[in-house]
Amino acid sequence: MMEDGLKTQTEPFPEDHVQFEAVLKELRELPEDDLEGKLVVSGFVDHPYGEDDQRCLECMYYLVHRKWCDLPELAVPVEPEWWCRLWRI
Ligand code: SF4
């Protein structure tokens, strides 16, 4: 989907716990199988992002061996070089 140019919501990046929770709440309101909605709301991109080239690989939710996002609200397969605005270390 991202290769096809899906426009996702990369901004605003949640700056604190309250903003982070607000994005999670938005995700929880989506149907479980709405993959496109999850990608859009969480602001997925298929490359490193920002000044620091943040990537899933360094994110606390990334499961290296499964190539999986362990954040319950997402729970999708991800590549190490991808990124979303729920990135955390
Ligand atoms: S929360 Fe976002 S950046 Fe972190 S592993 Fe999941 S998809 Fe990647």
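Analyst: Buried means under 20% relative accessible area, exposed means over 50%, and partly exposed is the range in between, with a 1.4 Å probe and the protein chains only. The model is predicted: local features need pLDDT of at least 70, side-chain atom pairs count only at pLDDT 80 or more, and totals for chains, interfaces and linings use all residues. Residues are numbered from 1 along each chain as its sequence is written, and side-chain values use heavy atoms, with hydrogens and water left out.

User: Why is W83 called buried?

Analyst: W83 has a relative accessible area of 1%. The limit for buried is under 20%, so W83 counts as buried.

User: What makes Y49 and W83 a stacked pair?

Analyst: Rings of Phe, Tyr and Trp (its six-membered ring) pair if their centres lie within 6.5 Å; planes under 30 degrees apart are stacked, over 60 edge-to-face, and the rest tilted. The whole structure has 3 aromatic pairs. F44 and W82 form an edge-to-face pair, 6.3 Å centre to centre with 85 degrees between the planes. F44 lies in the loop between α2 and β1 (62–63) and W82 in the segment after β2 (68–69), so this pair ties together parts 38 residues apart in sequence. Y49 and W83 are 4.2 Å apart centre to centre, with 20 degrees between the planes, and form a stacked pair. Y49 is in the loop between α2 and β1 and W83 in the segment after β2, so the pair ties together parts 34 residues apart in sequence. Ring pairs also link F13, Y49 and W83 into a cluster.

User: How do you know whether Y49 is buried or partly exposed?

Analyst: Y49 has a relative accessible area of 22%, and the range for partly exposed runs between the limits for buried and exposed, so Y49 is partly exposed. W82 is also partly exposed, at 22%. F44, at 3%, counts as buried.

User: What makes a set of residues a nonpolar core, and which residues have the most contacts inside the largest one?

Analyst: A nonpolar core is a set of buried Ala, Val, Leu, Ile, Met, Phe, Trp, Tyr and Cys residues joined through side-chain atoms within 4.5 Å. The largest core has 22 residues, and F44, C69, L71, L74, V78 and L86 have the most contacts inside it. Helices α1 (17–28) and α2 (35–42) each supply at least two of its residues, and α1 gives the most, with 4. Helices (H or I, at least four residues) and strands (E, at least two) are DSSP runs, numbered from the N terminus. Contact means heavy atoms within 4.5 Å; leaving aside residues up to four places away in sequence, L71 touches L24, Y61 and L86.

User: Which residues of α2 are buried, and what covers them?

Analyst: In α2, G37, K38, L39, V41 and S42 are buried. Their cover includes α1. After α2 comes G43, whose phi is positive, near 75 degrees.

User: Why is one space called a cavity and another a pocket?

Analyst: On a 1 Å grid over the protein atoms alone, a cavity is a set of points where a 1.4 Å probe fits but cannot get out, whereas a pocket is an open set with protein on both sides within 12 Å along at least five of seven lines; lining residues have an atom within 4 Å of a point. Grid points are joined across faces, edges and corners, and a volume is the space filled by probe spheres set on the points. The structure holds 1 cavity of 30 Å³ or more. The largest cavity has about 100 Å³ of space, and the largest pocket about 160 Å³.
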